[in-house]
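Please read them with the structure open.

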Amino acid sequence: MEINILGGGPAGSAAAIAALTAAVPARIFERSSRRRHKVCGEFITPEACGVLQELGVWDEFLHLRPARIRRCNLHFGGTTKTWELPECGFGLSRYELDGLLLRRAEALGATVVRGESTHGSGAGPLIVASGRNAPAPRGNRLFGFKSHFAGPADENVELFFFRGGYIGLSAVENGITNVCGLAPEGDLRACGFRLDEFVARLKPLAERLRPLARIMEWLTVGPLVFSDRIDGPVTPDTYPAGDALGFIDPFTGSGILNALLTGRLAGSAAARRIPSHDYVERCRGLLERPYWASTLMRAALKLDCVGRLAALIPGQWLFRLTRIGPTAI
Ligand SMILES: Cc1cc2nc3c(=O)[nH]c(=O)nc-3n(C[C@H](O)[C@H](O)[C@H](O)COP(=O)(O)OP(=O)(O)OC[C@H]3O[C@@H](n4cnc5c(N)ncnc54)[C@H](O)[C@@H]3O)c2cc1C
């Protein structure tokens with residue numbers, strides 16, 4: 001038996017590593033013909049570190065000198081909410097993180113087929129780890145964007161909120177700062193999708209960016225559609241993982257953790273021929289709380305009352321509510 005995996009992002013690589021650890025061969029089909037930068041805040045939540053250790057990439061991860069993130073600052077107009085993270089988080093570009101995970105899968109024996117967007121044979125288990133897939137309804141859709149900046153970096157993850165969206169800053173490797181956000185299409189269209197102009201409109205953010213210089217083109221992605229529930233598998237032999245299973249609002253900074261965890265679970269379930277329905281039920285149990293919390297925050301963001309809601313909830317709680325608890329991992 002060989003497991004076919006669609007997608008070579010964190011979920012697909014974690015799935016391959018788990019399958020190969022259970023001595024079942026895995027073949028990854030990755031649509032991109034080469035490694036690339038992705039639109040992502042690149043914040044790696046502390047809970048992900050244990051999973052990276054289990055996947056056998058922790059030492060190499062540290063070798064890539066990820067930034068250490070110790071504090072969170074949320075900016076709502078003129079007010080700021082600040083707290084220390086319960087444990088240190090990390091910042092590493094997706095270019096490096098995805099490369100690291102895929103190398104590990106290959107080192108364990110995975111076959112990686114690049115430039116392919118379908119899996120070859122119809123037989124055997126299929127892990128679908130091809131990222132977001134929900135169709136976007138017409139209307140004021142959301143788009144994501146990201147770039148890297150050079151200049152003084154610090155140990156904070158910062159989010160600047162505005163009606164319907166936000167822009168985050170946090171350091172990654174080599175003293176680079178990632179600037180990544182999402183915004184309603186209408187707002188972006190109003191400035192012709194010129195993102196330098198768009199970020200300069202938010203006064204506190206423009207101030208924060210003043211000492212920094214952009215060192216790569218803006219990347220954009222979308223439309224983005226969030227999931228508020230986990231759908232069942234298409235067939236008993238199909239195991240959706242990562243964003244293909246459900247896409248959580250990125251302000252939680254937990255998408256990579258969810259991808260690594262559900263990818264690892266999918267690889268191990270497929271290798272043991274555990275029915276995919278049981279695997280998805282397990283994922284539902286893990287993701288229920290973060291999905292609920294992020295749906296609530298998103299509704300508050302749309303109504304422009306996220307600052308008032310966040311003011312009521314202690315920062316550390318807010319952080320815990322939006323992610324899978326370490327005990328479940
Ligand atoms: C604006 C934004 C900011 C974010 N910020 C953060 C953050 O700071 N921290 C965090 O933890 N998460 C963040 N996320 C979420 C995080 O990026 C995702 O949750 C994570 O990438 C999911 O990993 P994945 O492997 O499921 O999917 P992906 O990383 O999307 O990987 C899927 C892979 O499949 C490939 N593919 C697609 N279709 C096919 C096909 N048909 N056949 C073969 N291959 C295919 C793609 O090329 C891709 O490489 C953010 C997301 C966005 C949009």
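1. Start with helix α9, residues 276–302. The helix bends by about 50° at L287; the bend is the angle between axes fitted to the seven residues ending there and the seven starting there. A proline, P290, follows within four residues. Just after α9, D304 takes a positive phi of about 65°. Helices here are DSSP runs of H or I, at least four residues, and strands are runs of E, at least two, numbered from the N terminus.

2. On provenance, this is a predicted model, where local features need pLDDT of at least 70, side-chain atom pairs count only at pLDDT 80 or more, and totals for chains, interfaces and linings use all residues. Residues are numbered from 1 along each chain as its sequence is written, and side-chain values use heavy atoms, with hydrogens and water left out.

3. Two other backbone spots deserve a look. G222 and P223 are joined by a cis peptide bond, with omega about 0°. P223 sits in strand β13, residues 219–224. N174 is not a glycine, yet its phi is positive, about 60°. N174 lies in the loop between β10 (165–171) and β11 (177–184).

4. Next, the ligand. A side-chain N or O atom of E30 is 2.6 Å from a ligand oxygen. For F43, a backbone N or O atom is 2.9 Å from a ligand nitrogen. For G253, a backbone N or O atom is 3.4 Å from a ligand oxygen.

5. Last, helix packing. α1 (residues 10–21) and α8 (residues 255–271) pack at about 35°, with axes 7 Å apart. Axes are lines fitted to C-alpha atoms over the stretch in contact, and angles run from 0 to 180 degrees between N-to-C directions. In contact (heavy atoms within 4.5 Å) are residues including A11 and A15 of α1 and G263 and G267 of α8.

Key. Polar contact = N/O pair within 3.5 Å; in protein donor to acceptor, adjacent residues only side chain to side chain.
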